[in-house]
Amino acid sequence: MNKLTIATTGLVVAALLAPTIASASTISVKSGDTLYSIASSNNISVSKLKSLNNLTSDTIKIGQTLIVSDTATSSPTLTSSKEYRTVTGASVLNVRSGPGTGYSIVTTLNKGTEIEVLSSTNGWYNIIAGGKKGYVYGEYLSAPRYESTDTSTTFPTPSANTQNTYYKVQSGDTLWSISTKFNTTVNNLKSLNNMTTNTVFVGQNLLVAQGTSPTVSQPTSPSPTTTTYKVQSGDTLFSIATKFNMSVDSLKSVNNLSTNTIYVGQVLNITAPTGQKLFIRPAEGILTSGFGPRWSTHHDGIDIAKNGDVQVHAAADGIVTRSYTSDSYGEAIFIRHEINGQTYETVYGHMRSGSRAVQVGDRVKVGQFIGWMGSTGHSTGQHLHFEVHKGLWNATKSDAVDPELYTNL
Ligand SMILES: [Zn+2]
């Protein structure tokens, strides 16, 4: 963990003798810090950070001491819970834009899909599934399953033999890493969850084991982020290793390769650089679309969506290279970063009309507000389209890399 200087308040001895005593980690605000950058580097939300410190505004001062975590959890309190239900009564269930059959169909869910229930009225449930929100009729849903939202661990608890086992996707997870945690295969996970692509998103509930066996092996300590890459024509081990910030040797060892020969279509395991990722999350919200093939085309970034007023932040220190409007990106900002001798360029698309707060040539700090999330350009709803290029952006986006591998999401 790349934490700022951390001091522990409270008496250590007392805490050891009486483990229920709360202790809290604090940091001292440094030049360039923002609430957002501090929250990001301590894996908490800005609102949590503000509430921990009773802050009523976003203003912080250099040298100010901020509480960044409360560890007063001798026994986690389960104050609220999320409600999940499974599609049971229909082989394909329509999800509509409103609570009634007169509303348009936004997506469909296969039987067996587990969804999160947000609210219900008159037999219609407002649900979220696969990153999409909508309404389904309650007759086709199973009895509820509740999951605490206040515990820090979201690993499934062993339950009765007949229960399915679910796993909530964490930041950094891939289908492959999840499959190894649960002793299964990527293909098995995909078929259990009716998935056609390898894209998973944080917060998604995956069915990882079906009924009959009550034993759930607890995932071990965090493993390096792993994803897969399909070899393209023209690729070499060296070009692939470079693309993913790896050495050829480690690429070979991760894939048990004894020679340098690879073939087009071969699927390689990629271990992302461990430790600190280069970029912070540029906006709050949920990941609605990952990097890679999408429909008939390629998605060169990730989509982060949230309604309301959502700030967009510079993902790292850098210099603004574009602040303009394009047909596809809509209102967009590009930022160039020099990190460890490597040039990167990040792209922030579909920003709210007139909201861009920085201009070409501006020097920006990590976490700096650069505008509001919007839906300008080729966009069907409010979200941030975020790209990371290893090297400078180019029209063919040949240097685009998967932002999930480089960003602390
Ligand atoms: Zn996008």
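In which loop does Arg356 lie? Arg356 sits between strand S23 (342–351) and strand S24 (363–364). This is a predicted model: local features need pLDDT of at least 70, side-chain atom pairs count only at pLDDT 80 or more, and totals for chains, interfaces and linings use all residues. Residues are numbered from 1 along each chain as its sequence is written.

**View 1. Arg356 in the loop between S23 and S24.** Helices (H or I, at least four residues) and strands (E, at least two) are DSSP runs, numbered from the N terminus. Arg356 counts as buried because it has 21 C-beta neighbours inside 10 Å. The cut-offs: buried means 20 or more other C-beta atoms within 10 Å of a residue's own, exposed means 12 or fewer, and partly exposed lies in between, with C-beta atoms placed from the backbone. Leaving aside neighbours within four places in sequence, Arg356 is in contact with Ser323, Glu331, Ile333, Met351, Ile370 and Gly371. Contact means that the C-beta atoms of two residues, placed from the backbone, lie within 7 Å. Val312 is 44 residues from Arg356 in sequence, yet their C-alpha atoms are 9.5 Å apart.

**View 2. His350 in strand S23.** His350 is not a glycine, but its phi is positive, about 65°. His350 is buried, since 25 other C-beta atoms lie within 10 Å.

**View 3. Strand S19 (residues 302–305), covered on both faces.** Ile302 and Ile304 are buried on one side. Asp303 and Ala305 are buried on the other. S19 runs antiparallel to strand S16 (residues 286–289), joined by 3 bridges. Two strands pair if DSSP finds at least two bridges between them. Ile286 has Ala305 as its bridge partner in S19. Strand S26 (residues 384–390) is also antiparallel to S19, again through 3 bridges. Here Asp303 stands opposite His385.

**View 4. The hairpin of S8 and S9.** Strand S8 (residues 124–129) and strand S9 (residues 132–137) pair in the antiparallel sense over 6 bridges. Trp124 faces Tyr137 across the pair, standing opposite this residue of S9. The hairpin has 2 residues between its strands. Gly130, in the turn, has a positive phi of about 55°.

**View 5. Asn256 in the loop between helix H7 (248–254) and strand S14 (267–271).** Asn256 has a positive phi near 55° and is a residue other than glycine. Is Asn256 buried or exposed? Asn256 counts as exposed, because it has 7 C-beta neighbours inside 10 Å.
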